Amino acid sequence: MLDFISSQFAFYLTLILVLFVPGIFLILATRMYKEFSLLELFVLTFGSSIAIVDFLVIFLGRTPLHITRASVLGGIVAFCATCWALERNYRKKNSITTPRAEQIPETKISRRSTLLVVLLLFLTIFIKTIYFKDAIFPTATDLGHHMYWTKAMVATGQLPKYEKVDIGADLTIGKPQPIADFIIGEHLFFAAIALISGAEFVSAFPVLVLLLVHLMTVLAIFILTRSFFKNSKHRNTIAITALFLIGPLFAIASPQAKFISGGVIGNDVGNLLIPLTMLLYLKAFIENKASVFAYALFLSLGLAYTHHLSTFVFIFLALFSIITYAALNTKTILDDLRGWIQMATKPAVLAVLAFGMIFVFFFYMPTYLNTKAINTAVGAPSKATRTGLTLDQLKSTAGEARYAFAIIGILLLFFMKKIGKYNQAFLIGWTLALTLMSLRPDWLFVDIPSNRIASYIVYPVSIIAAFLLVVILTELKSKIKNKNYLNPIFLLVTFFLFMSFVSTNGLYDNAQGLNLTSSSNEALQTYAASGYLADKLSSNDIVLKDHNYLAGDSWIKLFFMKGYNYPLSRGYFKRYEDTTKTREQCTNFMISAPNGTEAAQCFAGTHTDFLMIDPKIDSEQFKHSAKFWQVYSSDAVGIFYKAL
Amino acid sequence: MKNISNSKIIITAFSFFVLISFVFLSLVEKKQADINTKNVWMTYFKNPKDASLDFAIENHSKNNNFHWQILSDKTLVNQGDVTVKLGETKTLPVSLSDTQNKKITISVTSSDNNKKEIYKIINN
């Protein structure tokens, strides 16, 4: 128990040190504390820290210091000390004596609204915790893949080389080839946390870090909604309604808790950084502040180093926001453009751009910035899953109730110039970009799975649905007050009807997503068998495991640490029947029909000698051959050795 | 209470809820990660790649008593009982002559009749 308590302390202190402290000091150095309320700063410090730690670890990985506990700790301390010195110097030079805390603008929110926010946050965290009690044990495939790269960084002290080997046409294991699917920012801050806290990879640590990212996203949506509707007297009501629609309701379906337990790291961090950058750009444009614009650019860079799809989505929503702004403000657009150019050429902005270019060209170029990766994302949709969703599918992704309100809300937004011209353009642009990318990707030459893009729409849809709900209810209320021809009962009934519709829909969605049981029993047996095999393997041994029936199989490679594709894997059966792409068949033959001639050629070519399978399904074919020994037996895992 | 800003209340409450949730989930995960609560056991060869027949029983179940048999092809050549307590692993040495070209099977049965087999076919 003492070990548990000390590991918990180490973990939480590390979370504060890695995910809050660097951001606090950057906000100090850039004096952003004068621009944002405490609540906004709280979320900004978190998002900023992810970006700072990412760049810091890349920098360390490129120097002889390497990525170690001491170098990461030292790097964070050095960064914070530099920021502190810069800020102190600025205050001294300008004779500023006002305490920093007094320079932070106060959040204008009533005590009653505050309590409502606290209650909604409680419900949000409570519902997600209930879901995670059966999903906290790490078994998810994607998370296993990501944690392999993180562990590789921790084990070697070097930045990972994203490469994998495949079985070639000659049935031998080929040379390592680059993988564009993994983005380094997905692994850097996890590596920093693992190094400093000493947390085990097969533990709650990865899911808890992702859950924290997600909960901060929920808060980010709340503060962004307040920012979007800052000119409305109902800004807090709209933000609280948005929190209701994104927090306790629809709390589990993708891209919320399901994405966390699934280990979709890039999307999760992208879902945090997109609203945060939007908050910053919104303020920068409204108040024409180059320093805020520079800060927004820095976070955008952090996004670019974390997730390609989110960056792609962000580029589109920025383009759509600009187009919407131009279309709604034709008279002022040229003057505005001049103002934007002036802001974008200020020293702070140019400095961030220079920093980004130096990083891309001299330190680390994100893996997706190669022609092959770009070609796979841009162009005519190449697969059925990329040709766009139907309206019905989009409705189901966005949540029926939210979607219903958002459709009318977006129409209303076109006529709501009073909310602010930038606010209006950003909100419409964000929603339109995602709607078109999801429904008609061919119009935009987007070649990315449509359901992945559609998952981003949940956030703007919630904000717009909240806006419409509040507009309807406040309009009804004012009519009752002023003209006295509507019965107050009508307002009450409308309120309860809307709330019932939204709540039952959102809670039903939650119920659909709840797990029945944890798969930890089977996964633990997989990990026990992996530990056994890891002790026995020599450099010549090649392992093949099954992805179809083994629980937690993507985590097996963390026990071996011999490469991303070690062990080889029999994938889902449909992969081997893919008519659009020729795929190697060896991994299927060697488990499904190990005594056939094709399998014999595959065994000879790949030198595979250990096979990990589910004994209930795949052991009989091995037992019929004198070539294989069964060397390990448990309820969920059998290991066969090819002796001849 | 009046001096505490509303932002601070939200941040403090949020941090408190997150902390409670994380501690709870860590405890749940700790329990789920304990293989000794899963009522499973396994048997394996100590040396999977050579002709050695020494095997181990790793027990994470409530059954402490196991019966093992060694079969050469289908002929019983040795058997015995062994007690392996929860969380323990016991290695059983096997020395057998005349194993050439025979399937040597180690069959282990727990007291609740759960049976597992491992085998080697030794050819030189």
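Analyst: This is a predicted model, in which local features need pLDDT of at least 70, side-chain atom pairs count only at pLDDT 80 or more, and totals for chains, interfaces and linings use all residues. Residues are numbered from 1 along each chain as its sequence is written, and chains are lettered from A and ligands numbered from 1 in the order in which they are written.

User: At what angle do α6(A) and α1(B) pack?

Analyst: Helices (H or I, at least four residues) are DSSP runs, numbered from the N terminus. Axes are lines fitted to C-alpha atoms over the stretch in contact, and angles run from 0 to 180 degrees between N-to-C directions. The axes of helix α6 (residues 111-132) of chain A and α1(B) lie 10 Å apart, and the packing angle is about 15 degrees.

User: Is α6(A) roughly parallel or roughly antiparallel to α1(B)?

Analyst: Angles under 35 degrees count as roughly parallel, and those over 145 as roughly antiparallel. The angle here is about 15 degrees. Therefore α6(A) is, relative to α1(B), roughly parallel.

User: How is α9(A) oriented to α1(B)?

Analyst: Helix α9 (residues 205-228) of chain A packs against helix α1 (residues 6-32) of chain B with axes 11 Å apart, at about 155 degrees. The orientation is therefore roughly antiparallel.

User: Which residues of α1(B) meet α9(A)?

Analyst: Contact requires C-beta atoms, placed from the backbone, within 7 Å. From α9(A) come A:L208, A:L212, A:L215 and A:L219. Their partners in α1(B) are B:F14, B:V18, B:F22 and B:L25.

Terms used. Helices (H or I, at least four residues) and strands (E, at least two) are DSSP runs, numbered from the N terminus. Angles under 35 degrees count as roughly parallel, over 145 as roughly antiparallel, 65 to 115 as roughly perpendicular and the rest as oblique. Two residues are in contact if their C-beta atoms, placed from the backbone, lie within 7 Å.
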